[in-house]
Amino acid sequence: MYTNPNRRMTIGDFLLRRLAEAGVRHLFGVPGDYNLELLQQLKDTGALEWIGTCNELNASYAADGYARLNGLGALLVTNGVGALSAINGVGGSYSEHVPVICISGSIPLRSLDRGLGMHHTMADGTFDHFLNAYAQVTAARARLTPRNAAAEIDRLILTAWREKLPVYMELPSDITHLDIEVPTSPLVLAEPPSDPERLRSCIAAIVERLSSAKSPAILVDADAGRFGVASELMKLAERLQAPVGTINAAKSVIDETFPLYLGIYGGKGSEPQVRDAVETSDCLLCIGYRPIEVTTGDFTASLPTSTIHARGYSVDVGDDNYQAVTLKEVLRGVLNAVPQATNRAPQGALAAMAGTHIDGSTKLTQAAYWQAIQSYLQPGDVLYVDNGTSFVLLGLRLPPGCTFIGSINWGSIGYSVGALLGALTAAPNRRHLLFIGDGSFQVSAQELSTILRHDHKPAIFLINNGGYTIERGYLGKSESYNDVANWAYAKLPKVFRPDTTARSFVVRTVDDLKNALGAPNDTMIFVESIMDSHDAPAAVTTSSNKGAELDYGPRGPQHRENLQLRPAL
Ligand SMILES: Cc1ncc(C[n+]2csc(CCOP(=O)(O)OP(=O)(O)O)c2C)c(N)n1
Ligand SMILES: [Mg+2]
């Protein structure tokens with residue numbers, strides 16, 4: 001007997017149902033007249049929790065941060081004005097391979113049919129500008145109609161999840177309350193199964209090379225985390241007794257206390273044993289490698305020509321390219337087939353950063369700051385860095401179970417504050433530590449209010465050094481264009497939530513910092529550390545100096561007398 005596998009549901013309710021089935025329990029964004037009717041459906045059904053943000057840029061950052069811990073995130077914006085405010089963050093999700101669904105409540109279909117000019121458009125009688133803009137930063141996009149909604153909603157959600165990339169959906173405001181026929185069965189997030197022959201051949205080719213190698217090694221970029229294969233990689237490393245390095249964009253993907261963890265590889269700047277293990281390996285297995293200047297020590301990284309490159313859905317081994325293979329199936333297959341190595345001594349892990357004794361009453365410096373932060377870290381912390389001298393965190397040794405959230409490829413300042421809101425929403429019971437400079441904070445500071453509004457308890461470490469110190473290492477060592485207005489940062493929790501219980505500290509000395517670090521994490525901790533605008537760790541200034549060479553070329557202004565902050569001698 002034929003049973004109809006479909007039932008009737010409104011388009012809005014179906015979209016919310018599908019998001020919930022895909023594990024999205026919260027929606028970030030800003031209301032607008034073109035999306036209020038969907039928000040009412042969200043309220044009426046209780047399908048998802050609404051997290052209103054101060055602006056759409058922060059919503060896009062929050063959805064990204066949420067997706068990093070939850071596997072998928074979503075935001076809701078209004079036509080044009082909201083969509084374009086969010087596009088930087090969605091571009092970041094594309095660059096960083098984070099699956100985010102951007103829903104724009106858009107112009108009613110009635111107006112499209114009749115060519116009616118509407119607000120939040122270019123008032124030029126056309127309606128495709130924003131769909132076209134999003135074509136540059138998404139893996140898939142669609143304007144929903146009653147005919148395509150059931151199919152397109154599923155296609156877009158599944159594409160985001162499978163590709164680990166953002167998607168964009170326009171939901172015309174006059175169709176959310178219309179009934180359509182939708183499937184009764186839940187949406188299943190699953191990778192497409194590999195082609196059996198390609199998978200077998202690919203696994204055999206990798207196993208053959210790894211088994212005969214004398215010095216196999218593994219190098220991990222961010223996709224290893226996005227595709228959830230860290231545990232397979234660590235098991236494989238144990239089986240092969242092979243060391244594992246990561247690119248800085250993949251920090252924390254491999255547990256840094258794992259005995260075979262090497263450290264961060266970035267070409268010439270890396271520790272010698274990391275460089276050696278990666279560059280002289282006779283069989284390097286590399287996952288999702290996407291080299292750019294800041295992940296390769298300005299292109300000084302040099303992988304062996306025999307490197308096996310595995311990506312989410314394809315693998316290169318020598319001259320052979322394997323399509324229709326999923327990374328997890330490939331790695332599991334290799335793990336099952338590769339013999340246990342017995343003839344190699346496992347490499348020891350790197351020693352933790354050495355501490356030097358510092359007089360507590362002296363003015364706080366970057367060196368003393370990061371030494372104290374190293375001892376503050378705890379197992380299971382979620383750590384965020386924004387652009388700036390806070391990049392030093394990349395060099396700290398993380399305890400077990402920590403998650404690093406950064407935007408190394410895209411590098412849009414202010415990202416970390418929105419991402420903090422998102423990831424706090426996804427995992428409120430972990431300890432979250434944000435490391436940010438004053439310049440980056442000024443971009444998205446108002447989202448602190450949303451973090452306080454929802455009673456989250458992160459610890460925020462802000463370096464107040466009067467401006468864009470990392471940029472001073474490119475150009476403008478003492479130029480006023482690198483200065484920012486001096487805010488009373490530590491007072492902001494009180495401004496953003498007058499009844500806050502947040503503990504704020506203004507830190508000037510090492511002793512002040514120690515006092516702040518002794519505060520319990522039962523409420524928000526906001527630590528504003530005052531430092532000199534020319535105090536920058538050598539790793540940061542060296543990298544900025546090299547960046548200036550690349551950016552401006554040999555005849556650029558960076559060589560002029562005293563125009564560039566250089567490492568202290
Ligand atoms: C959206 C955006 N605009 C501009 C930049 C360029 N930029 C990179 S780092 C930076 C300054 C960061 O200053 P701050 O957060 O104070 O860190 P510091 O180096 O002073 O510790 C700027 C302006 C950027 N990365 N993103
Ligand atoms: Mg600064």
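Gly-73 has Val-100 in E5 as its bridge partner. The model is predicted: local features need pLDDT of at least 70, side-chain atom pairs count only at pLDDT 80 or more, and totals for chains, interfaces and linings use all residues. Residues are numbered from 1 along each chain as its sequence is written, and side-chain values use heavy atoms, without hydrogens and water.

Strand E4 (residues 73–78) pairs with strand E5 (residues 100–106) in the parallel sense, over six bridges. Pairing requires at least two DSSP bridges between two strands. Helices (H or I, at least four residues) and strands (E, at least two) are DSSP runs, numbered from the N terminus. Helix H4 (residues 81–96) lies across E4, E5 and strand E7 (167–172). H4 runs at about 155 degrees to E4. Helix H7 (residues 149–163) also packs on the sheet and touches E5, E6 and E7. Its direction makes about 160 degrees with that of E6. Contact means heavy atoms within 4.5 Å. Axes are lines fitted to C-alpha atoms, for helices over the stretch in contact, and angles run from 0 to 180 degrees between N-to-C directions.

Ligand 1 is surrounded by 16 residues, each with a heavy atom within 4 Å. A polar side-chain atom of Ser-440 lies 2.7 Å from a ligand oxygen atom. Backbone N or O atoms also approach oxygen atoms of ligand 1: one of Gly-467 at 2.7 Å, and one of Ile-470 at 2.9 Å. Helix H15 (438–444) and helix H17 (469–472) are the elements that give two or more residues to this shell.

Technical notes:
Chains are lettered from A and ligands numbered from 1 in the order in which they are written. A polar contact is a pair of N or O atoms within 3.5 Å; within protein, one must be able to donate a hydrogen and the other to accept it, and residues adjacent in sequence count only if both atoms are side-chain atoms.
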